[in-house]
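I wanted to go through this assembly chain by chain and write down what I looked up. The entries below are in the order in which I made them.

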Amino acid sequence: MTATLERPVSGPRGRTAVRIGSASVLLRWRQLLVPLVALVVLVLVSAVSIGRGDFPVAIPDVLRTLVGLGDGPQNFIVLQLRAPRVIVGLLVGLALGVAGALFQTFARNPLASPDTLGITVGASVGAVAALVLTGGSSVGALLGGFGVPLAALSGALVTGFLLFVLAWRSGVDGYRLVLVGIALWSVGGALVDWLLTNAQVYDAAAAYVWITGSLNARTWDQAVPLAIALAVLVPLSLAAGRTLNVLQFGDDTARGLGLRLAGAQTAVVLLAVALTAAAVSAAGPITFVALVVPQVAVRLTGGSRPPLLASGLIGAVLVVSADLVTRTALPEALPVGILTAVIGAPYLLWLLVRGRRQFT
Amino acid sequence: MTTHVLPDPAPASAPAAEPGRVRLAAEQVRLAYDEHVVVHDVDLELTDGSFTAIVGPNGCGKSTLLRALGRLLRPAGGQVLLDGRAIARTPTREVAKVLGLLPQSPVAPEGLTVADLVARGRHPHQSWVRQWSRDDEAVVAEALEWTDMAELADRPVDALSGGQRQRAWISMALAQGTDLLLLDEPTTYLDLAHQIDVLELVGRLHAERGRTVAVVLHDLNLAARYAQRLVAMKDGVLVASGTPAEVLTEELLADVFELEARIVPDPVTGTPMVVPVRRLR
Amino acid sequence: MTTTADAPVRSGAASRALGGSMRTRRLLVLLVLVGLVAAAALASIAVGTRSLAPGEVWRALFDDDLTNEAAVIVQQLRVPRTVLGLIVGAALGMSGALMQGHTRNPLGDPGLLGVTAGASLAVVIAIAFFDVGSVGGYVWFAFAGALAGTVLVYAIGSAGRGGATPITLALAGAALSALLYAMVRAIVVSDTQTLDSFRFWQVGALAGRGAEVAWQVAPFIAVGAVLALANAPALNLLGLGEDVARGLGQRIWLARAVGLAAITLLCGAATAACGPIAFVGLVVPHVVRALTGPDHRWLVPCSALLGAALLLSADVLGRVLARPGELQVGIVLAVVGAPFFIALVRRRKTMAL
C-alpha cells in the first residue's frame, strides 16, 4: 500500500491529507512549522544556557557533549551541573504550556489557567510544609522524609482530587470548576501564609524562594522523574487533539457531534492537572507560562484553539530563556518565576491595549 | 448508514424514504428543570422523510422537547426512541451518525473558518486512525457547494452575517450525513429574507435529500409554508398535530396563542396564513 | 376581557402589597444584622486570653483606674481592636458590594482591581528601602500603593478599543497584580529581613494595630462610605445594562467614577490598616443579596453591617481556636469562607459566564 499525499481540492487551505490504505491523517502546515522553529530555538537557547557560567563552554562543545562526544571536564560541567537545570526548565515549560492549552480549550476562555485552579497552591502547601515544619511535629518529620518535590506532588494531587470531587455534579462544568478552584486557591494561600508566619525566618525565606518558582540546584533527581511523567502525559495530551476540536464548541453541539461530554471533560482536566502537578513539584509555581503561552501559540499558528505541541515547545523556550536571562543579564540571580511574570504580564497588558481579539 | 456521495442535482434520485416508518419517537416524555415540570407526558412521532414544525407560545416547552428528542436532556419520565432503540442507551457516537442537531444560537470558537466548521461535522465518522478520508473530503466539499458556502469557505465564522452563519451551521449538519435533523429556532434574530433563505435550504434538504426534519419555529406563517406537519404545544402539553390546514384554526389560535385572528390562504403558496386581529385576554 | 379602568387599580394594589412585604422583610434583616454586629462587638471586647463576663466588661469600659487590669485590657486593647474590626469589616463589605455591582460579576472582589497588589508592593518598599518598622507607618504607604494600583488598572483597562469593560478591567487587574507581586517577590527574596516583616503584614490581621491605625483610616472609610451610599441608586440603574441606564438619564461616567473612588478608598484603607483580607468583599454581598434582594440602597448598608459582623466574628474565632495565641483573621476567613463559597457555587445548577 502506498502512501499518497494529496491536496484537497476544495477543502481547507494549508492542509494536506496523508493516506495509507484506509488510514488517513491531516497535516496542517502552520501547526507543524511553528513547533519545528520553536524546537530549533529551544535547542539553541538551551545550548547557550548550558554554556554560560563560571566556566564558559562554547556552543558546539555543548552540543557535542550532549551527544556523548565531549571530554572529561566538559562532561562533568555540562552533564552533571548545568544540563539538569536546563532540562528541568525545558520540561517544566513543556508541561505548563500543554496544560495551559488543554485548560483554555476546555474552559473556552483565554483567561483560564491551571494556576488559578489551586493546583499550584496545593503543591505550595505541601512544599512549604516540608520546608518549614521542623522535626518537632510529626507531620513535619513525615514530609521532611518525603523530600520537597514529593511533598509538593502530594499537595498538588490532593488538591486536584478535592477540586474534582467538589466541582463534579454529573459532569464538569467549566465555570464551576474555575470557581471551586478559586476557593481552593484562597484556602491554600491562607495555609501557606499561616505556615510562613509560624516558621523560622530562614526556613520561611527558603520556602519563599520555592513558591516563587525556581530552577536553582535542580539535578537529575528532579529531571528524570519529570521526564518520565511527561513521556506518558504529553503523548496522551496530543492524542486528545481530536476531542479538543469538538470540545471547543458549546456543550450542545459537542454532544450533537457524538462526543461523550462528561468523559471527555474529565480526561482533559485530569491531564491538565497531572501535567501541572508534575511541573510544579519539580520547580515550584512558575507563573504565567500556562496562561500566556497558549495565547501566543494560537496567534502564531492561526487556528481556533491553542495548539498543543506548539504551546508546549514555546513554553519550554520561555522558561529556558527566562532562566538564561536571570542567570546572566541580571546582577543578582532571581528565581525564574519572577521573570516569567515580568515577561508575561506586560504581554497580557499589551494584548489588552491592542484589543485585537475579543475576549468574551 | 452510508455516507452520501457526490452531488446529484436531479430530485428524482433522492434516497427513498420509507413513509410511515417511525424514526424518532417521544413516549410519555416528562421533562423538568429542578422540580419544575416543563413538559408533561408528551407523545410525539417523527416518521421517515417527514418535515415537522413544532410551534407554541413562549415557555410552552417546545425547545425543551426538541432538546430531549436530541438527547441533550434526560427525561424525568418516559423515554425517547431512535429507530426503536432507547436513545439514552445508545452510544452517543452512534446517535450522532443518524441524528443531527442545530441548537439555538450555536457557539463557534473564535478563529474557526467555515471550512473548518463544516469539516467538524464529519467527526462521528472519523477516528484516530481515519482522520480525513476521501469520503470526508468529498462530503464536505459537496456540503459547501450545496449550501452555496464554497466561496466563503476560508472566512472565519464569526465574521459572517447572521444568515450566512446559519447556512454554515446547516452545512455542517449536512456534512454530518445524518438522516434526521433537528433545528431549534434556526430563524430567530434573522431578517425576513434570511429566514426565507434558511427555511428554503431546509426545505430542499427535506425534498431533495429525503431528510427527516423537525424544526421549532416562532413564526406560524413560515411554519405553515414549509412544514408538512404542525405540532402545537401549550404549557408543556401537545394540543394539536396534523397538517397546517388542520392545525391552524381560529379556535386553536385563540386557545393556544390567546390570539384573535383570521386564517386566509397564503397568496403565494396557498398554505394557511394567520392575520392577527388582537390579543385575547 | 377587562376594561382599561380596571388595570391601574389592580397594579396599584399589587405594588403596594409587593412593596409592603419586601420592606418589612428588609427592615427585619437590617435589625437582625445590627443585632449581630452588637453581639460580635461584645464578644470581641469580652473574649480573649483573659475572658471577661459581660458585667465586668460594662464596668471596665468606664473605669478610669489604671491599676484595674481588666479596664486596661478593655480600653487599650480590645476596644480599639473592635472599633478597627468594625470599620474595616464594614469597608470591605461595602466595597465588595460596589465591586460586584459595577463589574456585574458575582466574582467581583476589590482585590482584583490591583488594590491588594499595589498596597503590598508599597509596604514592601517601605520595609526594604525606608526602614519603616511599625504597622502605623505602613498605613500611608499601603494606601498610596492601593490608590496607584487602582488608577493604573483603570488606565490600562480603559486604554483599548471600547474603553473600560468588566472584562478588560479584570484582565488588567490580573496582569498588573501579577507584575506587582513579581516585584514584591523579587525584593522579598533578596532581603531576608524584609521577608521577616512582610510575611506578618500580608496575612491580614487585626492584631497589633493600636488605636492610631483606626484613627488614620477612619476618615477615608467615612468618605468612602458616603460615596458608596450615594452611588447605590446609580448602581441599580447600571444593573439593567449601560444602554438602559443611559436611556433613563444616568450619567454613566460619573457613576463609574464615584464607584471607583469609593471602592478605592474603602478597600485601600482596609488593606492599609490590616493587610490583605480576602473573602469578606466576595461573600458578604452574596448573602445579603439573598436576604434583601438586589436593591443597592439596601445592599450596600447591609453589606457594611454583615461585613463588620463577619470580620469581628472571625477575629474572635481566631482568638478562641488558637489559645493562648491567636489565628490571624485573614486565615480564619479563608478557611471558613471557602467551604461556604463552594457550597454556594454547588447550589446553582448551571453556570454561565
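**Entry 1, confidence.** I noted at the outset that this is a predicted model, and that its scores are ipTM 0.83 and pTM 0.81. For chain C I looked up the mean pLDDT, which is 81, with 86% of the residues scoring at least 70. I then asked which element of chain C has the lowest mean pLDDT and which the highest. Helix H2 (residues 54-62) of chain C has the lowest, at 72, whereas helix H12 (residues 296-321) of chain C has the highest, at 92. I also marked residues 1-11 of chain C, over which pLDDT stays under 50 and for which the model has three contacts beyond four places in sequence. Where pLDDT is low, the predicted coordinates should not be read in detail.

I counted 13 helices and zero strands in chain C, and the pattern read along its sequence is accordingly written α-α-α-α-α-α-α-α-α-α-α-α-α. Of its 353 residues, 52% count as buried. When I looked at the contacts in chain C between residues at least 6 apart in sequence, I found that 76% of them join residues at least 24 apart.

I counted 15 helices and three strands in chain A. Buried residues make up 59% of its 360 residues, and of the contacts in chain A with a separation of 6 or more, 71% are accounted for by residues 24 or more positions apart.

I looked up helix H3 (residues 72-107) of chain A and helix H12 (residues 261-283) of chain A, whose axes come within 8 Å and cross at roughly 155°. Angles over 145 degrees count as roughly antiparallel, and H3(A) and H12(A) are therefore roughly antiparallel to each other. The crossing in which H3(A) passes H12(A) is left-handed. Among the residues that meet here are A:Val92, A:Leu96, A:Phe103 and A:Phe106 in H3(A), and A:Val268, A:Leu271, A:Leu275 and A:Thr276 in H12(A). By class, this contact has 18 nonpolar, two polar and no charged residues.

I then turned to helix H4 (residues 119-132) of chain A and helix H6 (residues 148-167) of chain A, whose axes come within 7 Å and cross at roughly 140°. The crossing of H4(A) and H6(A) is right-handed. The residues making the contact include A:Gly122, A:Ala123, A:Gly126 and A:Ala130 of H4(A), together with A:Ala152, A:Ser154, A:Gly155 and A:Thr159 of H6(A). By class, the contact of H4(A) with H6(A) has 12 nonpolar, six polar and no charged residues.

I noted B:Asp41, which has a positive phi of about 45° although it is not a glycine. B:Asp41 is found in strand E2 of chain B and counts as partly exposed, with 17 C-beta neighbours inside 10 Å. B:Ser105, also a residue other than glycine, has a positive phi near 45°. B:Ser105 lies in the loop between strand E6 (99-102) and helix H3 (114-120) of chain B. Is B:Ser105 buried or exposed? With 10 C-beta neighbours inside 10 Å, B:Ser105 counts as exposed.

Lastly I located B:Asp48 in the loop between strand E2 (36-47) and strand E3 (51-55) of chain B. From C-alpha to C-alpha, B:Asp48 and B:His206 are 10 Å apart in space, although 158 residues apart in sequence.

Methods
Residues are numbered from 1 along each chain as its sequence is written. Chains are lettered from A and ligands numbered from 1 in the order in which they are written. This is a predicted model: local features need pLDDT of at least 70, side-chain atom pairs count only at pLDDT 80 or more; totals for chains, interfaces and linings use all residues. pLDDT is the predictor's confidence in each residue, from 0 to 100. Helices (H or I, at least four residues) and strands (E, at least two) are DSSP runs, numbered from the N terminus. Two residues are in contact if their C-beta atoms, placed from the backbone, lie within 7 Å. Axes are lines fitted to C-alpha atoms, for helices over the stretch in contact, and angles run from 0 to 180 degrees between N-to-C directions. Angles under 35 degrees count as roughly parallel, over 145 as roughly antiparallel, 65 to 115 as roughly perpendicular and the rest as oblique. A crossing is left-handed if the near helix is turned anticlockwise from the far one by less than a right angle, and right-handed if clockwise. Ala, Val, Leu, Ile, Met, Phe, Trp, Tyr, Cys and Pro count as nonpolar, Asp, Glu, Lys and Arg as charged, and the others, Gly among them, as polar. A residue is buried if 20 or more other C-beta atoms lie within 10 Å of its own, exposed if 12 or fewer, and partly exposed in between; C-beta atoms are placed from the backbone.
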